[in-house]
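Colleague: Could you take me through one part of this model closely, and then follow the packing around it? Please give the cut-off behind each term as you come to it.

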Amino acid sequence: MIHCDNLVKIYKIADLEVVALQGLDLHVEAGELMAIIGNSGSGKSTLLNMLGGLDRPSAGSLTVAGRDLLSMSEKDIVSYKRETVGFVWQNNARNLIPYLTAQENVELPILLQGKRKRERAMELLEAVGLSHRLKNRLNQLSGGEQQRVAIAIALANHPKLLLADEPTGSVDSNMANQILDLFRHLTRSLGLTVVIVTHDPLLAKKVDRVVAIRDGKTSSEILRRKSFDQELLESVHGIEEQEEESHVEYAVLDQAGRLQIPPNYLESIGVKNTNKVQVTLEEGRIVLLPPE
Ligand SMILES: Nc1ncnc2c1ncn2[C@@H]1O[C@H](COP(=O)(O)OP(=O)(O)OP(=O)(O)O)[C@@H](O)[C@H]1O
Ligand SMILES: [Mg+2]
């Protein structure tokens, strides 16, 4: 679904340049539910904006659902945004209109597409588990329920890819779990691909793959050892929880063979105030040492 190689985004404000993405690699399979984590300012939202066609990359390559987002014409970008992607924002004000009911909020984008709104809105609200809240105004819904209305709207145009920036940022952990379950359900029932951006490391335990971004580059990947289905099956059959961690973390090698090593690892071996490390090969292991 997503092929992103050596992606670069540079923002220019007056004569100041900010390199928000510096050669980022990311590949996402169709039907995957994955998360992107990283500190504030690491480039998560920038990446999401590129994926959603809201902003253009500066260099590198990016294709989503077979469409090349660097060479696409403005006209094609408009149809890409309409037909291929759906967005869910953290801030509800960006998703929803407060004085309309849940149903009216969902009908609105469908109406703009000139389609039959009522049935489709019902269908969408049912898909997100809100059939019983159709006539409630937004201020009569909980934060998590409002977020589910936003997800219904994001699905209105049958997107292939759903992009969610901090979708669980303003709800409690119980509601965050429900929203994640909903995303997982949607990947299965609709074959949707879901990319979630978050600060929350706990979320990592709830999806199959987490990609960490540091300084605008993918720095590590956390993969689930067993599929979610496998784990669910085993818990149903009462198989003992294994001692080992359920996830394993990998550092990401870029195409030039570069690796990002966490600063605290380097500090712990005494690499400080230098841009050099010794790299040696010892009995099938690559060993990093501080300079002599
Ligand atoms: N429109 C813009 N113009 C100039 N600089 C920008 C713009 N958008 C983002 N940046 C800069 O690019 C870098 C990455 O920002 P981005 O918003 O992608 O971070 P983020 O990982 O989403 O952070 P947060 O977790 O706080 O939302 C930051 O240094 C930010 O200041
Ligand atoms: Mg952000």
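Modeller: In this predicted model, an oxygen atom of ligand 1 is 2.8 Å from an N or O atom in the side chain of S45, which falls within the limit for a polar contact, a pair of N or O atoms within 3.5 Å. H199 also takes part, with a polar side-chain atom 3.1 Å from an oxygen atom of the ligand, whereas G43 uses its backbone, an N or O atom of which lies 3.0 Å from a ligand oxygen. Around ligand 1 there are 13 residues (a heavy atom within 4 Å), and the closest of them are S40, G41, K44, S45 and T46.

Residues are numbered from 1 along each chain as its sequence is written, and chains are lettered from A and ligands numbered from 1 in the order in which they are written. Local features need pLDDT of at least 70 and side-chain atom pairs count only at pLDDT 80 or more, while totals for chains, interfaces and linings use all residues, and side-chain values use heavy atoms, with hydrogens and water left out.

Turning to the helices (DSSP runs of H or I, at least four residues, numbered from the N terminus), α3, residues 102-112, and α4, residues 117-127, have axes that come within 9 Å and cross at roughly 120°, the axes being lines fitted to C-alpha atoms over the stretch in contact and the angle running from 0 to 180 degrees between N-to-C directions. The two are therefore oblique, the class left once angles under 35 degrees count as roughly parallel, over 145 as roughly antiparallel and 65 to 115 as roughly perpendicular. In this pair, A102, Q103, V106, E107, I110 and L111 of α3 meet K117, R118, R120, A121, M122, L124 and L125 of α4, where contact means heavy atoms within 4.5 Å. The residues of this contact divide into eight nonpolar, one polar and four charged; Ala, Val, Leu, Ile, Met, Phe, Trp, Tyr, Cys and Pro count as nonpolar, Asp, Glu, Lys and Arg as charged, and the others, Gly among them, as polar.

Helix α3 also packs on α5, residues 143-154, at an angle of about 20° with the axes 9 Å apart, and that makes α3 roughly parallel to α5. Here A102, N105, V106 and P109 of α3 contact V149, A152 and I153 of α5, a set of six nonpolar residues, one polar and no charged.

Technical notes
A polar contact is a pair of N or O atoms within 3.5 Å; within protein, one must be able to donate a hydrogen and the other to accept it, and residues adjacent in sequence count only if both atoms are side-chain atoms.
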